[in-house]
Amino acid sequence: MRAADLSAPASLSRSAGPVLDVQRIKKIYGQGETEVQALRGVSLTVERGDYVAIMGSSGSGKSTLMNILGCLDIPTTGRYLLDGVDVSRLNDRQLALVRNRRIGFVFQAFNLIARTSALANVELPLAYAGVKSAERRRRANLALAMVGLAERADHEPNQLSGGQQQRVAVARALVTAPALVLADEPTGNLDTQSTNDVLAVFDRLSASGRTIVLITHEPDVAERAKRLIRLVDGRIVQDERLK
Amino acid sequence: MNIFETIRFALRAITANKLRSSLTVLGILIGVAAVILLVAVGNGSAQQVQQQIESLGTNTLTVTAGGGGGARSAAATTSTALTMDLVPALEDKAEAPHVRSVSPVVTGSQSATYEGTDHTIAQFVGTYPGWVAASNFKVDKGALFTDEDVAGSRKVVVIGKTVAEELFGTVDPLSKQITVAGKLFTVVGVLADKGGTGFSDPNDVAVAPVTAVQESLTGYGSLNQILVEATAPGDVSDAQGEVTAILNAKLNITGSSTTAYRIQNASQLLETRANTAETFTLLLGAVAGISLLVGGIGITNIMMVTVTERTREIGIRKALGAPKRTILTQFLVEATVLSLIGGLLGVAAAVIGSRFTIVSIKPVIVPSSVVLALGFSVAIGLFFGSYPASRAAGLRPIEALRYE
C-alpha cells in the first residue's frame, strides 16, 4: 500500500503546521444548576504522523473531546485549528466538507450502513466528495485491500464478523486520505483476536505516516500508540510519549 | 455527489424495505386510480347522455301543442292545435331560410300482426319522408316511401329493426303485408339499427305516410308534433326564431308569453344534460381527490417513520460528510419516487379498470385527468415528503449518532 494511492484531491492544500491545534477548549452542557463542565480547558497539539491514545474513565470528557475534534460538536469556548483551519468559524456546509475531506471516523459501534455492501460503505465518503464512480471503486478496493478484506467487498455488514466490520469502517475512514483518523473506542465491542486485527491495521497506518487519534479505556490498546494522554474530569492530567 | 447518485441511494433505501414501500405505494395507487377512474365514469356517462341526445338529431326542433288552460288566455281566438296547414307555411324558404325540412308527425302505439304474429309497435309514426333523415334514421333494406306515396295516401310502411325481428323473425319483410288496426300496410323498407341505450327502444318504430295514417288510423285531427330540421346545427336558434314568428302569425298569438305551443331544441337539452354530467364528474373527482390526499398523508407518515428509524444512518452519513442538501434531496427523492411509482401503477390500474363497464356506464378516460392525477401525486410526494426530509437534514450529527 503506497500512501500516494490515497492522496487527497489536489484542491486541498495542506499547511506544514500541526494537524490538531486545540487551545483552552471548554465544553459546558446545560445551564444554571444543571450545568455540567465536560471539558474544563483542554489544550493539545498533535503533529503530523503522530499516533495518540487518549485514555480516561467514563465521564472524563474523552467522548466530548472526540466529538469536538471530529467537528461533530462545537466547543463552548476555545480555539480549534484542524490542519490549520479554524473550524469554529465554519458554517454547517463547510463543516460537512471538513468532516468529509480531512477526518476519517472509526466508531465503537462500527456504524456501517446496513444492507449495503462493504465496498459501497467504503465508497460512501468518496461519493459525498463527488469522486467519479470508477475512481471511487478503485480507491475503495485499495482501502479494503489495505485492511485485508479485498475478497469481502461484496458482503453486507450482517455477513461480516465484528472485527471485519470494524476493519471495513477503518477502510472507510482512510479512503479519503484524511489528515486525521479519529477512532472512538474502536476495539470496545471486539474480542481479543479482532482487536489485534484492527490494531494491526492502525499500526500499519501509523507506519505509513497517517495521523491517528484513538480514544480508549483499555491500557493494552493505548500502549500501541506513540503518545498517551490521560483525561480526568475534563482536564489533561498526563501527556507522555511512549515511543 | 450528483443527483443520479442521490436517486440511486433513494432507490436502494426504498427497495430495502419492500413491504412498507409497497403499502405506501398502494395508498397513492388507489388515490390516483380512483381519481382517473371516477372522472372516466363521469365522463363516460356524460358521453352516453350526449350520444342519446345526438341520436335524436341535434339540428332539429320539435314543435308540440301547448297544454290546454294556459293557452287559452294567450291565444283565446284560435285553437292551439297543430294542423297540416302549418306545414307549408313553415316550409316557405323566404320566411324560414334556415329550415331544411318540415315533417308533420302523428304518432301513437299500434298493434300489428303478420301471419298470426302479434307485436305492439311503440311508435307508429305518420309523417313525410324527410322525418327519417331528420331523426337520424337510415334505411337499411328496401327504400323509403316517397312524396308520391304521401300524396296518394298509399299504405306503405318502413319498419324499425325491432319490429322486423318481432314480426318476421328470419323472414325477409320486404313486400310483405302487415295488419295495423285492421288495415293492411305493405312493408317497403327496414330501418338500420339506431344506437342508443335509453329507456325506450328507438328501433321499436314504424314509419308510414302521414296521409295514409290519418286516413286509416288516426283521422284528420291535429298533429302530435311538427319536426323541423334546421339547415345546420349552428342554425338551430335562427330556425327557432323563424318558426316562432311563423307560428305566432299563423296562430294569431300576440302575447310575449306563449303556451300555445312549445318548441323543444335538442341542443338546449344537450347543453343542460352536459352541465349536469360535468357537475357529476366534478363531484366524483373531488371524492377521489380526497382519497389521493389520504394517500399523501400516508407518505408523510411512512417518511416520518423512515426518518426516525434511520436517524442513526443519517448521523453516519453526516459524519462522513454528507451535506444537508444531499440528505434533504435523498429523502425528497424517496418520497417522490414512492408517489410516482404509486401514480404510474394507479394510471395502469385505471386504464385496466376502464375496460370494464361500471354501473352500466362505459368509462371514458379523460387524458387531462391522467396528467393531473400523476402530477398531483408527484406534488404530494414533494409536499408531504418535505417535512420529514427537512427534519432528517436538520438533525445534528452528534445527536443522530447517539440515537438508539
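## Strand pairing in chain A

In this predicted model, A:Gln23 lies opposite A:Arg79, a residue of strand 4 of chain A. The two strands concerned are strand 1 (residues 20-29) of chain A and strand 4 (residues 77-82) of chain A, which pair in the antiparallel sense through 5 bridges. Strand 1 of chain A also pairs with strand 2 of chain A, again antiparallel, over 8 bridges. Within that pairing, A:Lys27 has A:Leu39 of strand 2 of chain A as its bridge partner.

These pairings belong to an open sheet of 4 strands in chain A, ordered 2-1-4-5 and paired in the antiparallel sense. Its edges are formed by strand 2 (36-46) and strand 5 of chain A, each of which pairs on one side only. In general, the strands of a sheet are paired through backbone hydrogen bonds, in either a parallel or an antiparallel arrangement.

## The hairpin of strands 4 and 5

Strand 4 of chain A is joined to strand 5 (residues 85-86) of chain A by 2 bridges, and the two strands run antiparallel. Here A:Leu81 stands opposite A:Asp86 of strand 5 of chain A. The hairpin made by these strands leaves 2 residues between them, and A:Asp83 adopts a positive phi near 55 degrees.

## Overall composition of the chains

Chain A contains 7 helices and 10 strands. It has 243 residues, of which 48% count as buried. Among the contacts in chain A with a separation of 6 or more, 70% are between residues 24 or more positions apart.

Chain B contains 14 helices and 10 strands. Of its 404 residues, 45% are buried. For contacts in chain B with a separation of 6 or more, residues 24 or more positions apart account for 85%.

## Contact between chain A and chain B

At the interface, 20 residues of chain A are in contact with 15 residues of chain B. Helix 2 (92-102) and helix 3 (118-129) of chain A each contribute at least two residues to the side of chain A that touches chain B. The most is given by helix 2 of chain A, which supplies 7 residues to that side. Sorted by class, the side of chain A that touches chain B comprises 10 nonpolar, 4 polar and 6 charged residues.

For the complex, the predictor reports an ipTM of 0.84 and a pTM of 0.64.

Helix 13 (residues 367-394) of chain B is built from 28 residues. From its first C-alpha to its last, helix 13 of chain B reaches 40 Å, close to the 40 Å expected at 1.5 Å a residue.

## Confidence in chain B

The mean pLDDT of chain B is 82, and 92% of the residues score at least 70. Among the elements of chain B, strand 5 (residues 156-159) of chain B has the highest mean pLDDT, at 92, whereas helix 3 (residues 68-74) of chain B has the lowest, at 41.

Over residues 68-79 of chain B, pLDDT stays under 50. For this segment the model has 19 contacts beyond four places in sequence. Where pLDDT is low, predicted coordinates should not be read in detail.

Technical notes
Residues are numbered from 1 along each chain as its sequence is written. Chains are lettered from A and ligands numbered from 1 in the order in which they are written. This is a predicted model: local features need pLDDT of at least 70, side-chain atom pairs count only at pLDDT 80 or more; totals for chains, interfaces and linings use all residues. Two strands pair if DSSP finds at least two bridges between them. pLDDT is the predictor's confidence in each residue, from 0 to 100. Two residues are in contact if their C-beta atoms, placed from the backbone, lie within 7 Å. A residue is buried if 20 or more other C-beta atoms lie within 10 Å of its own, exposed if 12 or fewer, and partly exposed in between; C-beta atoms are placed from the backbone. Ala, Val, Leu, Ile, Met, Phe, Trp, Tyr, Cys and Pro count as nonpolar, Asp, Glu, Lys and Arg as charged, and the others, Gly among them, as polar. The expected span of a helix is 1.5 Å times one less than its number of residues.
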